[in-house]
Amino acid sequence: MKKNYIIGLILITSMLVLAACGGGKDTASDTSDKQVLRVIESTEIPLMDTSLATDGVSFTAMNQVFEGLYTLDKNDQIIPAAAEAMPQISNDQKTYTIKIRDTAKWSDGSDLTADDFIYAWRKVVNPKSGAQYSFLYRDVVANASDIIDGKKDPKELGVKALDDKTIEIQLTQAVPYFNSLLTFGPFYPQKEAYVTKEGKDFAKDSNHLLYNGPFTMADWSGTSKSWSFIKNDNYWDKKNVKLDRIDVEVAKEPGSAVNLYNTGKVDRAPLTGDYASQYKDNKEFVAEPDSYVYWLKFNQKQPDVANVELRKAIAKAINKEALADTVIANGATAINGEIPNGFAQNPKTGKDFREDSGDHLTYNVAEAKAHFAKAKQQLGKNEITLELVGDDQEFAKKTLEFIQSELETNLSGLKINLKTVPYKNRLALDKEQDYTVQLSRWAPAYKDPMTYIASWQTNNNYNNMSYSSPAYDKLTTDISTTLATDPEARWQAMLQTEKVLLDDDAAIAPLYQNATAVLEKPYVKGVVKHLFGAPYSFRWAYIQK
C-alpha cells in the first residue's frame, strides 16, 4: 500500500466506520422500506483518481465504486470481479491472459474493455502523472521500470488487448503475489474517452467520474464532509448487492460518533482511547482485525534527523506499549518491527514473520539516552528542536502529544514542536518532503511482506524521506528478481531487510499495529473488513431489522 498505504497499505487516517449522515439525508422515518447504511469516515477523501490515490480513505471509497479484474471476497480470498475467471498463466509464470466479463459495464452503460485497463495502467507508470503507486509495477510488469525512469514510452508497457474483452500481461519474472495486486486501486480501469472529455475536471467531484463497481457516488465535491454511494444499476452483479445507498459523513472526533450511536442515529461508531475502554464489555462492541502499522518517518534531508544516532534515540525513547494500551486503546498492540503480526508466515516452517524476525528498536530509555548523547556530540549541539507533523483527527493529536511527552521527558535537551494538519495536507507535505518527523502509517496493498518492504527502496515513490541504502536496495532487488521463485531464500532476504532498515539505519521508528474497535447495531450485516488492499467492502452489506 504508496504507501501513504504508500500500498500505506496506510493507512488513523483510514478508520472507516459506519454512522449516520445529517442534513438532507434520509432519516429512519423515510428509509424504512430501503436498504440504507449510514457510515462515518474519519476524514475527507483526498483523491478519487485511481491512478493517483495513495491512502486508505480514498481506497475505501474507490473500492465501493470501482472494480478491478479481481477482488477480495469476505475471507480475503481473491475472486474474479470484472474478469470472468482466474487468469490463464504460462508455464514460466510470466504471461497472464485474462478474459473480461461480457456483462461488465461502466455506469453510463458502455462496455468495460481491455483498453480501459491498458489506458489506466499506462497512466500510472507514466512519470508525467506523478503517480506514487507506480512502484507496484516496477520490476513486475514488463518495461514498467524503464517507463517509470523515463527511458521508455508508456505505450511499451507489457500489456496488450488481444480483443475488446481479452487482456494479455507480460511480467518481468514470476511474481507470487500478482493476482493480489490486480485487486488493488492502482490496477483499476479508466475509460480514456471519458477522462479526455472531462479534462482537468476529471475526478474533481462525483459528477465527473465514471464508475464500474457495485455503487456509484453522489454529493461529493472533492472537499465535502459528506457523500453517498448509490447502488449501480449497470453493475454486472447488481442482483447480489443488497444496499440501495450508503450515506457517509466525516467525523474526526470519536465522541461525536459515539453520541450519534447512543441516540440511535448511527449504525456503527469507531472507538479509540477512553471510549474503547468504556464500551469493550458492551454487547454491541465489535473488534475487527487490522494490518495497519504506525511509525515515525524521518526526513533525512533535514540535517538533524539525518543523524542515525538521533533517529535511534527517538525510536527507543517511546513507550510503545503504553501508547497502544492507554492512548489508542482499541486493541492496538506495540510493534518492534515493520511487518505486522499475523500477516505473513515462513513458507517452510509456518512461523509468523514477527516471530522469525524478532524485535527491533525496542523501548529502552538507557540506550536511547546513550544514542542521544552521541547525536548531540556529532551534531555539535546541546539542544535540538524538531517539528513533529501529524493529522488533525483526535486520536492522532493524542498520539502526537504522547510522543512529545515521552521524547522531551526521556531525552533531556530535545524539544518537540507539534504541527497538526488535515489529512489531505499531511499527504501533500509527505509527497513534497516538507517535514522533519512525521506520524505516518502503512496498510498492505497485497498479501506479501514486500508491500511494506518495497516502500523504502531508494527510488520508491512512497519513500519521501531521502532514505537510501545500497544494502537495502540489493536485498529488495534480489527478492523481486533472482529469489522470486525460491520461497525460502526469498523469505530469509525479507527478514534481513528489517535488520538493515531498523537495526542499522533506524530509517523509521515503528510504534504500533492498529486494531479497529466499533460499536455496531445488531441489524447491520455483512460489512467486510479486509486485512490488505482497500480496508472495507460494502458489496455484501445489508440491513436486517
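Why does D164 count as exposed? D164 counts as exposed because its relative accessibility is 56%, and exposed means over 50% relative accessible area, buried under 20%, and partly exposed in between (1.4 Å probe, protein chains only).

Before you click further, a word on the model. It is predicted, so local features need pLDDT of at least 70 and side-chain atom pairs count only at pLDDT 80 or more, while totals for chains, interfaces and linings use all residues. Residues are numbered from 1 along each chain as its sequence is written, and side-chain values use heavy atoms, with hydrogens and water left out.

**Stop 1**

Keep D164 selected: it lies in the loop between β6 (159–163) and β7 (166–170). Helices (H or I, at least four residues) and strands (E, at least two) are DSSP runs, numbered from the N terminus.

**Stop 2: D49 and K123**

Next, select D49 and K123, a salt bridge whose closest N and O atoms are 3.4 Å apart. This pair links distant parts of the chain: D49 sits in the loop between β1 (36–41) and α1 (56–65), and K123 in helix α2 (residues 114–125), 74 residues apart. Both partners are buried. The term salt bridge here means a side-chain nitrogen of Lys or Arg within 4 Å of a carboxyl oxygen of Asp or Glu, and the structure holds 26 of them.

**Stop 3: K252 and D392**

Move on to K252 and D392, joined by a salt bridge of 3.2 Å, N to O. Here, too, distant parts of the chain are linked: K252 is in the loop between β10 (245–250) and α6 (254–262), and D392 is in the loop between β15 (384–391) and α12 (394–410), 140 residues apart. K252 counts as partly exposed because its relative accessibility is 22%, whereas D392, at 15%, is buried.

**Stop 4: D391 and R426**

Finally, select D391 and R426, whose side chains meet in a salt bridge at 2.5 Å, N to O. D391 belongs to strand β15 and R426 to helix α13 (residues 423–432), so the pair links distant parts of the chain, 35 residues apart. Buried or exposed, what is R426? R426 is buried, with a relative accessible area of 0%, and D391 counts as buried at 5%.
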